[in-house]
Amino acid sequence: MTELATGRVRGAALQLGDDLRDNFPAVFATTRMIALMELAGARILHPLLQPGEMSVGAHVDVSHTAATPIGAKVAATATYRRRDGKLFVFDVVAHDPAGEIGRGTHKRAIVSRDRLIAGAVKRR
């Protein structure tokens with residue numbers, strides 16, 4: 001099974017502080033690429049979800065190999081490969097109009113939404 005997720009590079013550079021060395025250029029961020037890869041994997045699992053369940057990312061191992069400028073469309077695909085215990089393993093690849101910008105593996109788990117939220121609340 002393979003699924004596609006798409007997005008468009010928007011906005012200006014990510015500003016994280018007053019020190020210019022801590023800010024990022026106006027290109028597609030690695031975090032956004034990973035989000036698209038995760039979304040593509042999550043979509044593959046939609047048919048397996050029972051009421052009250054959702055899938056969550058558990059592991060990401062990717063390389064971001066090319067910069068994508070503001071305004072470009074980015075697409076990520078996830079291809080289901082196997083189970084690793086409770087985890088579903090995917091190969092993930094991202095492209096922009098000029099070619100591949102990243103690839104790697106991603107693992108997801110199916111969990112109870114209520115249990116996930118309850119566990120997060122306990123960490124306050």
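These legends go with a set of close-up views of one predicted model.

View 1. Start with the overall layout: the chain has two helices and five strands. Reading from the N terminus, the order is β-α-β-β-β-β-α. Of the 124 residues, 28% are buried. If you take contacts between residues at least 6 apart in sequence, 66% of them join residues at least 24 apart. The chain exposes about 8,000 Å², and carbon and sulfur atoms account for 53% of that area.

View 2. A handy pair for finding your way around is Arg82 and Val89: Arg82 stands opposite Val89, which belongs to β4.

View 3. Asp91 lies in strand β4 and Arg81 in strand β3, so the pair ties together parts that are 10 residues apart in sequence. Both partners are partly exposed: Asp91 has a relative accessible area of 28%, and Arg81 one of 47%. As a general point, side chains of opposite charge can pair when their charged atoms come close.

View 4. What do the side chains of Asp84 and Lys107 form where they meet? They make a salt bridge, at 3.1 Å from N to O. This one links distant parts of the chain, with Asp84 in strand β3 and Lys107 in strand β5 (residues 99-112), 23 residues apart. Are the two partners buried or partly exposed? Asp84 is partly exposed, with a relative accessible area of 36%, whereas Lys107 is buried, at 19%. Buried here means under 20% relative accessible area, so Lys107 at 19% falls inside that cut-off.

**View 5. Glu100 and Arg103, another salt bridge.** The side chains of Glu100 and Arg103 meet in a salt bridge, with 2.8 Å from N to O. Neither residue is buried: Glu100 is partly exposed, with a relative accessible area of 32%, and Arg103 is partly exposed too, at 45%.

View 6. Thr68 is found in the loop between β2 (53-64) and β3. Is Thr68 buried or exposed? Thr68 is buried, with a relative accessible area of 0%. The side chain of Thr68 has a polar contact with the side chain of Asp96, at 2.7 Å.

**View 7. A nonpolar patch with Leu116, Ile117 and Val121.** These three residues make a nonpolar surface patch of about 240 Å². Leu116 lies in helix α2 (residues 113-122).

Technical notes: Residues are numbered from 1 along each chain as its sequence is written. This is a predicted model: local features need pLDDT of at least 70, side-chain atom pairs count only at pLDDT 80 or more; totals for chains, interfaces and linings use all residues. Side-chain values use heavy atoms; hydrogens and water are left out. Helices (H or I, at least four residues) and strands (E, at least two) are DSSP runs, numbered from the N terminus. Buried means under 20% relative accessible area, exposed over 50%, partly exposed in between (1.4 Å probe, protein chains only). Contact means heavy atoms within 4.5 Å. Accessible areas come from the Shrake-Rupley method with a 1.4 Å probe; for residues, only the protein chains shown count as cover. Two strands pair if DSSP finds at least two bridges between them. A salt bridge is a side-chain nitrogen of Lys or Arg within 4 Å of a carboxyl oxygen of Asp or Glu. Patches are made of residues with over 30% relative accessible area and no salt bridge: like charges are joined within 9 Å, nonpolar side chains (Val, Leu, Ile, Met, Phe, Trp, Tyr) within 5 Å. A polar contact is a pair of N or O atoms within 3.5 Å; within protein, one must be able to donate a hydrogen and the other to accept it, and residues adjacent in sequence count only if both atoms are side-chain atoms.
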